[in-house]
Amino acid sequence: MSFSILQLKRMAKKISSLEDLGGFVFSTNENFDFNSNEDSEETLAPNQQRLEAHLDKKNRGGKVATIIKGFKGNEEDLKSLGKILKTKCGVGGAVKDNEIIIQGNFRDKVMQILQTEGYPVKRVGG
């Protein structure tokens, strides 16, 4: 199916978001593989991870948060690890921007939990 430039311009005016394309993808790359799933990153084994434990109180109203950085893997495994840490610490938290955020100063406890799970973790900052 081919379109003229004028037809594409008319179509573009009707499209307000990429969802309006209905999964249709335009590509100028002749070697593009439509079936490849590049979003899913393979998770490294725990002993191959290099995690860092940080304490942070910037933009948190003076409250402290423990942040785990450096996880290499897919989003589901990161969320699963975050849930384990939140449950064992008995506090809330979130998983954002490839980081695990635990509410409160639980850096030592989180480091201990990660080490028992097989993750090498490095203490960063104060």
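Colleague: What joins the side chains of Asp 56 and Arg 60?

Modeller: A polar contact of 3.1 Å joins these two side chains. The term denotes N or O atoms within 3.5 Å; within protein, one must be able to donate a hydrogen and the other to accept it, and residues adjacent in sequence count only if both atoms are side-chain atoms. This is a predicted model, in which local features need pLDDT of at least 70 and side-chain atom pairs pLDDT 80 or more, while totals for chains, interfaces and linings use all residues. Residues are numbered from 1 along each chain as its sequence is written, and side-chain values use heavy atoms, leaving out hydrogens and water.

Colleague: Where is Asp 56 found, and is Asp 56 buried or exposed?

Modeller: Asp 56 is found in strand S1, residues 51–56. Helices (H or I, at least four residues) and strands (E, at least two) are DSSP runs numbered from the N terminus. With a relative accessible area of 19%, Asp 56 is buried, since buried means under 20%, exposed over 50% and partly exposed in between (1.4 Å probe, protein chains only). Beyond its neighbours within four places in sequence, Asp 56 is in contact (heavy atoms within 4.5 Å) with Lys 63, Val 64, Ala 65 and Ile 67.

Colleague: How many helices and strands does the protein have?

Modeller: The secondary structure comes to three helices and five strands. Their order from the N terminus is α-β-β-α-β-β-α-β. Of the 126 residues of the protein, 21% count as buried. Among contacts between residues at least 6 apart in sequence, 48% join residues at least 24 apart.

Colleague: Which residues of the largest nonpolar core touch the most other members?

Modeller: A nonpolar core is a set of buried Ala, Val, Leu, Ile, Met, Phe, Trp, Tyr and Cys residues joined through side-chain atoms within 4.5 Å. The largest core has 16 residues, and those that touch the most other members are Leu 51, Ile 68, Leu 85, Ile 100, Val 110 and Leu 114. At least two residues of this core come from each of S1, helix H2 (75–89), strand S4 (99–103) and helix H3 (107–116). Setting aside residues up to four places away in sequence, Leu 85 touches Ile 68, Ile 100, Ile 102, Val 110, Ile 113 and Leu 114.

Colleague: At roughly what angle do the axes of H2 and H3 cross?

Modeller: The axes are lines fitted to C-alpha atoms, for helices over the stretch in contact, with angles from 0 to 180 degrees between N-to-C directions. Those of H2 and H3 come within 10 Å and cross at roughly 125°. H2 contributes Leu 81, Leu 85, Lys 88 and Cys 89 to the contact, and H3 contributes Lys 109, Val 110, Ile 113 and Leu 114. The two helices are therefore oblique to each other: under 35 degrees is roughly parallel, over 145 roughly antiparallel, 65 to 115 roughly perpendicular, and the rest oblique.

Colleague: Which backbone atoms lie 2.8 Å and 3.0 Å from polar atoms of the side chain of Thr 66?

Modeller: The backbone oxygen of Gly 104 lies at 2.8 Å, and the backbone nitrogen of Phe 106 at 3.0 Å. Thr 66 has its place in strand S2, residues 65–69, and counts as buried at 0% relative accessibility. Leaving aside neighbours within four places in sequence, its contacts include His 54, Leu 55, Ile 100, Asn 105, Arg 107 and Val 110.

Colleague: Which residue in the loop between S1 and S2 has a positive phi of about 55°?

Modeller: Most residues other than glycine have a negative phi. Asn 59 has a positive phi of about 55° although it is not a glycine. This residue lies in the loop between S1 and S2 and is exposed, with a relative accessible area of 84%. Asp 97 has a positive phi of about 50° and is not a glycine either. Its loop runs between strand S3 (93–96) and S4, where Asp 97 is exposed at 73%.

Colleague: Where does Val 91 lie?

Modeller: Val 91 lies in the loop between H2 and S3 and is partly exposed, at 23% relative accessible area. Val 91 and Phe 106 are 15 residues apart in sequence and 9.4 Å apart in space, C-alpha to C-alpha. Apart from neighbours within four places in sequence, Val 91 is in contact with Lys 86, Ile 102, Gln 103 and Phe 106.
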